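Open the structure in your viewer and keep the selection tool at hand. Each stop below says what to select and what is there.

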Amino acid sequence: MKQFNVILIAFFFLLNGPLIKAQEKHPDIQWFKDAKFGLFIHWGLYAELGGVYKGKNYYGSGEWIMNQAKIPAAEYAGLAKDFNPVNFNAEEWAQIARDAGIRYMVITAKHHEGFSMFDTKISDFNIVKASPYGKDPMKALSVAARKRGIKFGFYYSQFLDWHEPNGGGNDWDFDESKKNYQQYYRDKSIPQLKELLTNYGPLGIIWFDMPGGLSREQTKSMVDSLHVLQPNALFSSRVGQGLGDYTDYGDSEVPPLPVPGAWESIYTHNDTWGYIAHDMNFKSPEEIIHLLANVASKGGNLMLNIGPDGKGNIPPYSVRYLRATGKWLQKFGESIYGSTYGLIPAQPWGVTTSKPGKLFLHVMNRPEDGKLLVPGMNVSIHKIMQLDNKRPVTWKLKGTDLYVDLPELSDKRNTVFVVAYNGRLKSFDLTLPLVVSSKYKLNTVDAVFAQRKGAAQIESLTYSHYFGDWKHATCVTHLNQVEDEADFKVRVTEPGDYKIILEYACPEASSKQEGILEFDGQDYKFRTLRTSAYDENEPLLFIKHPVSMVTVSHPGIYTVKIHPLHNGNELFYLKAVLFEPAD
Ligand code: JFZ
């Protein structure tokens, strides 16, 4: 029944997310589910510009510069004459991926700009014919990747093509209403996809993107005509019409709860997919390690993107941080590769991943006294050890509460412990109250765990800081009326004082309204603070607003209830309730 719960909730998000679901019936899907860590590479003529055109700075997705600057197709095509990635070294790139613990690699064969980064008979606008480089980098890379046991795949923009009069998207040169998309598919997209599926050995993936211009029938016949060339290759869900073999979430999106099936979260290493010279916002090794563990704990793969420059260099920070991630995976990879989602929900100390008879504890915050609580352990445990040095640790089971005595962590970012057990762990149990403990600096109860009353909803809000730099926040919304309520069940494990902080975003029209936070039968009033409007193309700003201080005299289960004091505008977009020990 609990399994059913997870599926229902997952389904809720699949229906509501900006994503296109896949059919997930492919017989060769298992390698993908096991792979867990992929490398995405955006590389094309835009890399030569590095985010600057005619002295103007276009921060945001660098591969969209032609669109952002409305560069005429003929003028943009001239960039090819200067594109000479002499530093490109397939063996080096593949070795970096290998060192990083990458299991599959997907590179842009042709992005929206329309330039083919491979040898093609279909269009002369390609790296072999139109650039001084004059070679096919994809050939060498596909060989180098496979040699290292890395599945190789191509990204291909099947609909958007700003170079072609009939391709989707370029309305600054060509009249969109006069376009014949069918002809574009017939003359360029499908023939090129056939070349890719024929000339580069066995491919793991064709990563389609941004579908358009085709009916379901037409998409189906395209997919069928391509699948016959390589029945083993998996097609991403952005092929459209639900005809993909696995699901891709929106850019930089992780579902808030476990999702069964084959799926992938895609993130880029900095703020852009294609190279931008002045984008230095690289995620640290710690951030990558946390992201990877978090995505795995929900049951998916992380495909992390890098954007090499126009000379063929991978940004030095990407090289360094990828290799650092690989070092962590060498020690703790068993908890990631081949795992399925964590059977125990997120805890203040970290997340879990699972394998048959094994639960992996990813400890990212060490409790002050070194005693780690893992609730919901309705199994018989025979051994617990630290994964990197195989040292056993002592533990105690009280009912279904497991207490583990932690040694000093060998890796403060994430040290993994493995619990070996017999029996069947109850599948991810949403009714398990979230642990709040004074042993952690901060306890975060995410919006997704709200029990909703009245019109309250849980929604994923999408916004961006820069062009194309999508972010997603799961929030409780629609708290308009007094009876619209978000309730959170928590289990406070130590008595003491706790400051309760609401993390929310609040547009002008919602601000200065009164709300009630109820805890242990006591009402605490608060007045909402304005942060920002909700606009997809602007940062959505969240504030951490302390609204009460409570004294918990007995450990136990408590419910936090939040609702408006009066009927009115939506109170706010509530992202989390935070408990900060105040002793
Ligand atoms: C697309 C591309 O336009 C972009 O340049 C990059 O290649 C990225 C990986 O994919 O952008 C998208 C496509 C789909 C969504 C968001 C951005 N989506 O479904 O949320």
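Start by colouring the protein chain by domain: domain 1 covers 2-335, domain 2 covers 342-429 and domain 3 covers 443-581. Keep in mind that this is a predicted model. Now pick domains 2 and 3. Their C-alpha centres are 30 Å apart.

**The cores**

Select Phe-37, Trp-43, Met-105, Ile-107 and Phe-154. These residues have the most contacts inside the largest nonpolar core, which has 97 residues. Domain 1 (2-335) and domain 2 (342-429) each supply at least three residues to this core. In soluble globular proteins, nonpolar side chains tend to be buried together.

Stay with Phe-154 and show what surrounds it. Its contacts beyond four places in sequence include Val-106, Ile-107, Ala-109 and Met-138. Leu-196, Tyr-200 and Trp-207 are also among the residues that Phe-154 touches. Next, select Ile-344, Ala-447, Ala-456 and Val-550. They are among the 60 residues of a second, separate core.

**Aromatic rings**

Show the rings of Phe, Tyr and Trp. The count is 34 aromatic pairs. Zoom in on Trp-31 and Phe-32. Are these rings stacked or edge-to-face? Their centres are 5.8 Å apart and their planes meet at 85 degrees, so the pair is edge-to-face. Both Trp-31 and Phe-32 are buried.

Move to Tyr-249 and Trp-263. This pair is edge-to-face too, with 5.2 Å from centre to centre and 70 degrees between the planes. Tyr-249 belongs to strand β8 (residues 247-251) and Trp-263 to strand β9 (residues 263-268), so the pair ties together parts 14 residues apart in sequence. Tyr-249 and Trp-263 are both buried.

Now select Trp-43, Phe-83, Phe-88, Trp-93, Phe-115 and Phe-125. Together they form one aromatic cluster.

Two lysines are worth a click here. Lys-135 lies over the face of Tyr-133, 4.6 Å from the ring centre. Lys-575 has its charged end over the ring of Phe-542, 4.5 Å from the centre of that ring.

**Helix α12**

Select residues 316-332, which make up helix α12.

Colour the buried residues of α12, among them Val-319, Leu-322, Trp-328, Leu-329 and Phe-332. The buried residues of this helix pack against several elements, including β1 (37-41), α6 (90-99) and α11 (285-298). β10 (301-306), β13 (358-363) and β18 (415-422) are also among these partners.

**Two loop residues**

Go to Lys-179, in the loop between β5 (151-156) and α9 (181-199). Is Lys-179 buried or exposed? Its relative accessibility is 10%, so Lys-179 counts as buried. Gly-167 is one of the residues Lys-179 touches, and Pro-165, Asn-166 and Phe-174 are others.

Finish at Asp-136, in the loop between α7 (127-130) and α8 (137-147). With a relative accessibility of 17%, Asp-136 counts as buried, because the cut-off is under 20%. Beyond four places in sequence, Asp-136 touches Met-117, Phe-118, Asp-119, Val-128 and Tyr-200. Last, draw a line from Asp-136 to Thr-528. They are 392 residues apart in sequence, and their C-alpha atoms are 58 Å apart in space.

Key. Residues are numbered from 1 along each chain as its sequence is written. This is a predicted model: local features need pLDDT of at least 70, side-chain atom pairs count only at pLDDT 80 or more; totals for chains, interfaces and linings use all residues. Side-chain values use heavy atoms; hydrogens and water are left out. A nonpolar core is a set of buried Ala, Val, Leu, Ile, Met, Phe, Trp, Tyr and Cys residues joined through side-chain atoms within 4.5 Å. Buried means under 20% relative accessible area, exposed over 50%, partly exposed in between (1.4 Å probe, protein chains only). Domain bounds come from an automatic or database domain assignment. Contact means heavy atoms within 4.5 Å. Rings of Phe, Tyr and Trp (its six-membered ring) pair if their centres lie within 6.5 Å; planes under 30 degrees apart count as stacked, over 60 as edge-to-face and the rest as tilted. Helices (H or I, at least four residues) and strands (E, at least two) are DSSP runs, numbered from the N terminus. A charge sits over a ring if NZ of Lys or CZ of Arg is within 6 Å of the ring centre and within 35 degrees of the ring normal. The expected span of a helix is 1.5 Å times one less than its number of residues.
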